[in-house]
Amino acid sequence: AFMAACSVTVTENTPAVKSYSIKDCVISVSSAGLEYDGTAKTPAVSVKYNGSKLVENRDYTKTYTNNVYPGTAVVTIYGIAGRYTDKRAVTFTITKRDIASISGDCAVSNIKYSGKAKEPDVHIADGGRTLTEGLDYSLAFSDLTQPGAAAVTVTGLNNYTGSFTMGFAILEAASVTKTNTIGSVAFAEQKTYTYNGSEQEA
């Protein structure tokens, strides 16, 4: 009998991987640490699809924009091709910094009484950053005209809010009398005048 040799090729059909849209995910942004401090804010982000948490750099990537100053910032989630498609932007809020929280970094100097109002030196800083009067804060002084206790109120501007008060002292000027002393008796200093035909001041 004649037998013919033959070969059979079996092809396995692998189903295509289904992609899901990032737009259908539940995205939440952490609200922790979103007070202005001069640095870029990159809060943690949770991305879930049907209750399952997605993995960053496997399922999606993200970028932040407008995320330094107080106001509305944006984090954009991008689906990684082959797993998730599309992109979605989610907003979060950066709050103004309470200027009272930096009072420990601030200082005001005492001043000597001069007979008229005089403002002391005031140093306002936020950590290692020295702030600018008129841009970050304003100053209001009280009780500047007489020796004793005085105060300055610091009020936040623009990226800062709230206020706090620092006290300082206006010190009386020391009174000095110049004398000549002989033994235990003090004599007021005297001057010697030579007649020159004109009136002379003592």
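These are my notebook entries on a predicted model of one protein chain.

**Ground rules**

I number residues from 1 along each chain as its sequence is written, and side-chain values use heavy atoms, with hydrogens and water left out.

**Entry 1: confidence**

I looked up pLDDT, the predictor's confidence in each residue, from 0 to 100. The chain averages 83, and 77% of the residues score at least 70. Over residues 175-196 the pLDDT stays under 50. For that stretch the model has 14 contacts beyond four places in sequence; contact means heavy atoms within 4.5 Å. Where pLDDT is low, the predicted coordinates should not be read in detail.

**Entry 2: the chain as a whole**

I found zero helices and 20 strands. Both are DSSP runs numbered from the N terminus: H or I over at least four residues for helices, E over at least two for strands. Of the 202 residues, 26% count as buried. Buried means under 20% relative accessible area, exposed over 50%, and partly exposed in between, with a 1.4 Å probe and protein chains only. The chain exposes about 13,900 Å², of which carbon and sulfur atoms supply 49%; the areas come from the Shrake-Rupley method with a 1.4 Å probe, and for residues only the protein chains shown count as cover. Among contacts between residues at least 6 apart in sequence, 47% join residues at least 24 apart.

**Entry 3: the nonpolar core**

I took a nonpolar core to be a set of buried Ala, Val, Leu, Ile, Met, Phe, Trp, Tyr and Cys residues joined through side-chain atoms within 4.5 Å. The largest one has 37 residues, and Ile-124 and Met-166 have the most contacts inside it. Strands that each supply at least two of its residues include S3 (45-49), S5 (60-65), S6 (71-79) and S8 (87-94), as well as S15 (137-142), S16 (148-156) and S18 (163-171). S18 gives the most, with four residues. I then listed the contacts of Met-166, leaving aside neighbours within four places in sequence: Cys-106, Ala-107, Val-108, Val-122, Ile-124, Ala-150, Ala-151, Val-152 and Val-154.

**Entry 4: the three-strand sheet**

I traced an open sheet in the order S5-S6-S8, with antiparallel pairing. Two strands pair if DSSP finds at least two bridges between them. S5 and S8 are the edge strands, each pairing on one side only. Neighbouring strands are turned by 25 degrees against each other on average, direction ignored. The axes behind this angle are lines fitted to C-alpha atoms, for helices over the stretch in contact, and angles run from 0 to 180 degrees between N-to-C directions.

S5 and S6 are joined by six bridges, and Tyr-64 has Val-75 in S6 as its bridge partner. The two strands form a hairpin with five residues between them, and Asn-66 in the turn has a positive phi of about 55 degrees. S6 and S8 pair over eight bridges, with Phe-92 in S8 as the bridge partner of Ala-73.

**Entry 5: Pro-43**

I found Pro-43 in the loop between strand S2 (26-29) and S3. Pro-43 counts as buried because its relative accessibility is 6%. Not counting residues up to four places away in sequence, Pro-43 touches Val-29, Ser-30, Leu-34, Tyr-64 and Phe-92. Pro-43 and Ser-30 are 13 residues apart in sequence and 5.6 Å apart in space, C-alpha to C-alpha.

**Entry 6: the four-strand sheet**

I traced another open sheet of four strands, in the order S11-S18-S16-S15, with mixed pairing. S11 (111-112) and S15 stand at the edges with a single partner strand each, so one side of each has no neighbour in the sheet. S15 and S16 run antiparallel and are joined by six bridges; Thr-153 in S16 is the bridge partner of Ala-140.

**Entry 7: Leu-157**

I found Leu-157 in the loop between S16 and strand S17 (160-161). At 27% relative accessibility, Leu-157 counts as partly exposed. Beyond four places in sequence, Leu-157 touches Gly-134, Leu-135, Asp-136, Tyr-137 and Ser-138. Leu-157 and Thr-132 are 25 residues apart in sequence and 10.0 Å apart in space, C-alpha to C-alpha.

Conventions
Predicted model: local features only at pLDDT ≥ 70, side-chain atom pairs only at ≥ 80, totals over all residues.
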